[in-house]
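Here are my notes on this one, in the order I would talk them through. Have the viewer open while you read.

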Amino acid sequence: MQPTFLQNLHGLLEQATAPDTVAIKAATATLNKEYYKNPQCIAALFEIIATSPNDAVRQLAAVELRKRVNADDNKLWIALPQEVRATIKQKSPQIVIAESKPLVRHSTARAMSAIANFELPLGQWPDLLAFLEQSCASPTASHREVGIYIMQTILETIVEQPQYTKQMPSFMQLFGRLLQDPESLEVRVTTIRCLGILAEYLSETDKEDIKIYASYLPGMITVLGQCIAESDENNARHIFDVLETLLIIEAPIIGRHTADFVQAFVQWANDKSVMTELRIMALNSLNWVVEYKKSKVQSQNMAPHIIESLIPAIGEPEDDLDGESVYRSALRVLDELALKLPPSQTVCPNPAQLLAACYHLPDPENSFGAVRRGCGQEIVISVENCETVQMTPYLQKSLWSVAESALCDVTCAIKTILVNIQNRQEILLLPSRVAVARALWRLFVVGNAVTQRPDATTALDSLLEALPDVIDQYLPVLMERFVFLLDNAPIKVKTLVAGAIGSAAHAAREKFLTYFAPIMQKFDPFLSLGDEGDEGELHGMAIDAIGTFAEAVGKEAFAPFFQPMMAKSFQALETTKSPRLRECCFLLWGVLARVFDDEFAPFLPRCLPPLLKSCKQLEIGEEGEEENGQTPNNAIVVEEEDDILGDDDADNALLEVNSALTVEKEIAVDTLGTLFVATKQAFLPFVEECTLVLVEILDHYYEGIRKAGTNSLLEFVQTFYRLSDPQPWTPSGTVSTPLHQNVKDMIQHTLPALLAMYQTEDDKEVVTTLFSGLAETLTLIGPAFIEGSSVPRASVIDPTPLSSAPVPHLESIINMVSSVLEKKSLCQNDPDEEQGGDDADDEQAELDSVLIQSAGDLVAALAVALGPDFGRLFQAFFPKISRYYKKKSSLMDRSSSIGVLAEVLAGMKAAVTPFTQDVLQLLSKALNDPEPEVVNNACFAVGLVIEHSEVDLTSQYLPLLGTLRPLFNPPEGAKAPVYTARDNAAGAVARMIIRNSAAVPLDQVLPVLISILPLEADPVENKTVFRALLTLLHTNAAPVMAHIDALLPAIAKVLDPNADDNIGDEVRAGLIEVVSRLNQQDAAKIQAAGLSAFVR
C-alpha cells in the first residue's frame, strides 16, 4: 500500500467529518469513486483505526471498514493478499482492546465481526475464539464488553459450523458467568442477547442444555429489572426481544418459570414509576406468554391473578388515542386470555364484586373511577368471548344489576363499557336487557350533558341489534332524536348516530320502512364528503348503514336507490385513496348483490377491476412497487449502528397503512365470492382470473385474508356445481355420478391448494373456516368432490382403498381432521403441554372448542358423502370423537361430541351395526347428562342407532323408554333446549315403533306421544313421528284409533298449506289417505277438526 494512498484517504475522512456540507459531499464522492472500489482501502482503513489521533476519523474508518468487508459478497476482502488479511486478523484484537473511546471500540468490534463471519466458516482465524474467551474473562470491564459483543455478533456463524458444536457447553458456562457480571450492565445485557441466539439452535431433545439454560432465566429477569429501574429503554427492549424468542421457539425452556415471567411482567406493567414505553413492553410480553404458553397459564390457573392485577392498568386514561398506551396493551392481554383460556378461568366474579362495591362507597374525589373503568372493561372482554357458554350463577344474577347501576355513574366511560354487555350476552335475561335499554333511553333522550351523547349513542348502537322484539316501543322517538342529531351534532357524533341508525334498521327490519326514505335524504350529503379524518369516517359509516338499510327494507323498497348508490360508490372509488372507504364500497356491493341477485350482474364489469386490483396490491414490505413508487433497489437504506432505533412514528404510520390495506384486501377477497353466488352465470367470464388470484392469496401473512380466500374459493366451487345442472349422487366411496368437466377443473385448481395451505396453517380460525367450508362443500357435491390427484400424504388411518375406485384426496382430509381431533395440528402446537396424556377432559377455550367442532362437522360430512363405506373409518374416528365427552369437558364439547356422532350415524346408516353396543354405551351416559343440549343430541343419536343398526335392540327398548319418559314432562318455564330434547325423544320413540312396535308398550307410549303433537321445538321430527303412526295404522290401528280425537287436530296443523312442510310428500299423502278413510266413517268429526279440505 502506497503511503500517499493512506495519507489521502485519511485526509478525505477528516474532510467527511468536518461540519461543512459541501466538503462532506465532495469527500464522499471522491471516496466512493477513487478509494472504496480498491481493495487497498481495507488495509488503509484498518491502519487509520490503529494510528489516527482523530477520534471522529477512527470512528468513521471503523464504520467504513465494516461496509467494505461486507460489500459485494466480500469481494474487496477476498481480493486482498492473504498476508494482508492475516495481519489484520492478528492485530485487530490488540487494537480493539487498546481503544479508549467506547464508540470507536464498538465500531471496530463490528468490523472484526464482519471479517469473522467470512473467515470462520472457512476454518480460518482459529485464534479469535481464544481471544474472545480471554477477553470475557478479563478483570477489565471494557475488555469483557468487547469480547462478549464480538461473540454476540458472530455467534450465529459459530453455532452453524459443525467444527464448533463441541464448544456449545463451554459457551453456556461462559454466558452463565457473564450473566452475573458485577460491574457492567452492558456485559449482562449482551450476554442475554447471546443466550437468545443460542436458544434458537436448541431442540426439544437437548434436555441437558435446556435444563442449564432454564437455570439462567431468573438471572435474565433480574437483569431486565435492572434495565427497567434505570429507564434503559434500549437494553430493556433487547432483553424483551430475547424473552419473546424463548416464548416462540419449540424448545420448552421457560417451562416452570412461566409464573415468574408473569409476575415480573404484571409488576412492571402496574408500576407507574416505570417509563410508559417499558410498561407497554411488559404488557406485550405478557400477551405473548398467554399466546404461546397457554397450557402453563391454564394448568397453574394464572388467569384470575393476571386479570385482577391488570384492572388498575385498564382503568388508566387513554392519553394517546392514536398510538400505543398502557390501557390498550392491558386490554389486549385480557382479550388474549378470554380468547385462549376456558371461561371458568377468565369469567371471574371478583371484578364484578369489586365494581358493585365501588358504587356503595363514598367517593368524593372519584378515586374509584379507574377501578370502575378497569372492572367494567374486564367484564366486557370476558363475557364477549363466552357467548355460547353458560355464565356462572353469580354472574347471571349480578351482571345486569351491575350494568344498570353503572348507568347512574357520573363517569361516562363506564356507561359505554358496561352497556355493551347487552350485545355480548343477548341470550341472558331479556327483562334485564329491556330494563337497561330503558335506562339508556332516558340517558340518550333526556340527558342534557353533551359528553353523554357519544357514550349513549355507542351503547344504543350495541344494544339495538339485540332487541328486535321490543324495538318498536322505542323506534319513533329514537328516530326523531337521531334525526335531530344528524342535523345539529358535531361530525363525530353524527358518525356514531349513523351507525346506530343502521343497527336500528337491522333490528326493526320492515318496521324501518317508515323512516327509510327520509333518512336516505339525510344521508345523501354524507356521501359527498372527503375520505380522510372525521369526514372520511362519516362517509364510510353512511355507506355501511345504507347497506344495512337495503337488507332491512328489501329489494322492492330499495330499488329506487340501487342505481344511484352504485354510481356514488364508483365515483368514490375513482377519487379516494382511503382503504377504509374502498372497503366500505366493497361491502356495499356484497350486500346489494345479496339483495338484488342477478340484477346486480350489469355492474360486474365495473366492480371486478377494483376488487382484483385490491387483491393484487402490494403492502409495505412486500417485494415490488411500493405505495410511494420506490422499489427495494432505489429505496434509501439506513444501515448504521444497531442501537439507533429509527423513527417510531414513521414505523407506526407504516403499520397503520398496512393494517388498513389488509382489511381492505380481506373485504375484496370476500366480496368476490359473494358476487359469484349472487350473479351466477353472469360472473363466469371473470371466474378464471378471480380463481387464480384467490389461490395465490392463500399464503398471505394475514389470517383474515386467508380465511376470506378459503371461503370465496369454496363458494366458487359450490356455485360452479349448482350451475352445472347436477344429478343426485349416491353416498359411497365410489363416484357413480360424474361431475361436469368444468366443475372437475375448478375443484382441481382449488382443493389441492386448500389442502396444501393446511400443512403450514398455524391459525385456528383459518383451520376452522377451512374445515367448515370443506364440510359444507362435501355435503353438497358428495364423494366426487374429493376425487382427483392426491396431495402429498402423511400417515393415513387406513391406506387401503375403500373400494375399487379410491378417492385420493380422502387420505389428506382424514389426516387433517385426525390431527386436529388429536390436538396434534400445527395450529394447536404447544411445546410446553404435557405429552402422552388425554387432555380432552380439560375445559377448553371457546376458540379451541369451535375448532374441534369444525373437525367433527367435517367427519360428519365424510360420513354423509361416503355412506356405508364410512364404516371402515368409523372404527378410527369413534374414539377421537367420543374422547370429548367427559365429565370435565365443557358443555360445548360434550354437546358437539354427541351431535357429531349423531350426524355420522345418519350418514353411515347400517354400517353402524358392528359398533352398536359401543355407541349405545356412550349414548346412555349422554342421555343422563345434566344439560338439555347434550340430551337432545343423544336422543336423536339413539333413535338413529335403533333405526339403522341390524342388531336386535328390542331388549333395550324398555330401559330406554324409562330414561326418555321424564323428558316428556318439561318443568314450567323450561328453556328451549328442554323442549327440543323432548321432541327428539319423541323421534327416538317413533323409530322404536317403526322397527318393532310389538316391543313397545303402546298403551302407555301413544297417549304421551300424541299429546305433544305436532312437535314445535324441533318440527323436523314430525316426519318420523307421523310415519310411525301411519305404520301402526296400517299394521295395528286399534291403539292409535283409541286416541284419534287427540290426533286429528295435530294432523290438521301439519297438513296446513300455510305452515312449513316438515313431513314430506310421502307422509303427507299417507295422512290425507287416513283422513279420507276416516271421513267415510265419521265426516262430522273430520269437519270439526278442520280437515274436510283434505278429503279425497
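1. Counting aromatic pairs gives 31, where rings of Phe, Tyr and Trp (its six-membered ring) pair if their centres lie within 6.5 Å, with planes under 30 degrees apart called stacked, over 60 edge-to-face and the rest tilted. Take Phe-516 and Phe-558: their ring centres are 5.8 Å apart and the planes sit at 35°, so this pair is tilted. It links distant parts of the chain, with Phe-516 in helix α28 (residues 513-523) and Phe-558 in helix α30 (residues 555-575), 42 residues apart. Helices here are DSSP runs of H or I, at least four residues, numbered from the N terminus.

2. Before going on, the ground rules: this is a predicted model, where local features need pLDDT of at least 70, side-chain atom pairs count only at pLDDT 80 or more, and totals for chains, interfaces and linings use all residues. Residues are numbered from 1 along each chain as its sequence is written, and side-chain values use heavy atoms, with hydrogens and water left out.

3. Are Phe-516 and Phe-558 buried or exposed? Phe-516 is buried at a relative accessible area of 3%, and Phe-558 is buried at 0%. The cut-offs are under 20% relative accessible area for buried, over 50% for exposed and partly exposed in between (1.4 Å probe, protein chains only).

4. Phe-523 and Phe-549 have ring centres 5.5 Å apart and planes at 50°, so they make a tilted pair. Phe-523 is in helix α28 and Phe-549 in helix α29 (residues 533-553), so the pair ties together parts 26 residues apart in sequence. Both Phe-523 and Phe-549 are buried.

5. Those two turn up again in the largest nonpolar core, which has 206 residues; Phe-523 and Phe-549 are among those with the most contacts inside it. A core here is a set of buried Ala, Val, Leu, Ile, Met, Phe, Trp, Tyr and Cys residues joined through side-chain atoms within 4.5 Å. A second, separate core has 121 residues, including Tyr-36 and Met-220.

6. Phe-1026 is also on that list of most-contacted core residues, and Phe-1026 is one of the buried residues of α47. Helix α47 (residues 1022-1035) has 14 residues and reaches 20 Å from its first C-alpha to its last, close to the 20 Å expected (1.5 Å times one less than the number of residues). Its buried residues pack against helices including α45 (976-996) and α50 (1064-1081), with contact meaning heavy atoms within 4.5 Å.

Technical notes. Helix = DSSP H or I, 4+ residues; strand = E, 2+ residues; numbered from the N terminus.
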